[in-house]
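Here are my notes on this model, as numbered points. Please read them alongside the coordinates.

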Amino acid sequence: CLRSAALAHKLGGDADAALAVLADAERVLRRAGDRSVLAETLVRRSDALREVGAYAEAKAALLTARVEGEASRNLLAVGAASTGLGSLALRLGDHPTADAHLRRADAAFEAQGDSMNLMYARSFRAMVHLAAGDLAGA
């Protein structure tokens with residue numbers, strides 16, 4: 001599986017190889033019309049892009065992942081993409097945008113009953129509130 005090969009490269013510290021393999025996977029999935037798996041693949045691509053500091057590309061991949069996840073009703077991908085977007089916004093100091101993305105992640109994870117990822121997204125929201133100086137909201 002291409003995504004497994006990409007993960008092996010990523011874990012081995014070779015983000016460039018991981019990105020190349022994920023690009024191949026994206027092409028295959030787009031040709032196959034598999035929007036659900038494409039969404040999850042784009043989330044993985046954004047992780048590798050963030051590792052190399054390509055934040056604009058990572059954001060674009062996450063936005064596309066969320067669109068593909070919504071179109072295919074893949075709530076895990078919608079939630080993961082929204083969490084990634086919230087994390088990026090937090091890193092860039094855009095607290096209102098981070099909170100909005102993380103609220104969207106909360107809704108997706110809650111709708112599918114994914115308590116583990118829901119708690120993860122909520123912990124990010126607490127960090128956003130702390131970073132914004134809102135101790136009561138955290």
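1. In which hand of crossing does H2 pass H3? The crossing is left-handed (the near helix is turned anticlockwise from the far one by less than a right angle). Helices are DSSP runs of H or I, at least four residues, numbered from the N terminus.

2. This is a predicted model: local features need pLDDT of at least 70, side-chain atom pairs count only at pLDDT 80 or more, and totals for chains, interfaces and linings use all residues. Residues are numbered from 1 along each chain as its sequence is written, and side-chain values use heavy atoms, without hydrogens and water.

3. The axes of H2 (residues 15-32) and H3 (residues 35-51) come within 10 Å and cross at roughly 160 degrees. Axes are lines fitted to C-alpha atoms over the stretch in contact, with angles from 0 to 180 degrees between N-to-C directions. H2 is therefore roughly antiparallel to H3 (angles over 145 degrees).

4. Contact (heavy atoms within 4.5 Å) involves Ala15, Leu19, Leu22, Ala25, Glu26, Leu29 and Arg30 of H2. From H3 come Val37, Leu38, Thr41, Leu42, Arg44, Arg45, Ala48 and Leu49. By class, this H2 contact with H3 has 10 nonpolar, one polar and four charged residues (Ala, Val, Leu, Ile, Met, Phe, Trp, Tyr, Cys and Pro count as nonpolar; Asp, Glu, Lys and Arg as charged; the others, Gly among them, as polar).

5. The axes of H5 and H7 come within 11 Å and cross at roughly 20 degrees. The two helices are therefore roughly parallel (under 35 degrees). Their crossing is left-handed.

Methods. Parallel < 35°, antiparallel > 145°, perpendicular 65-115°, else oblique.
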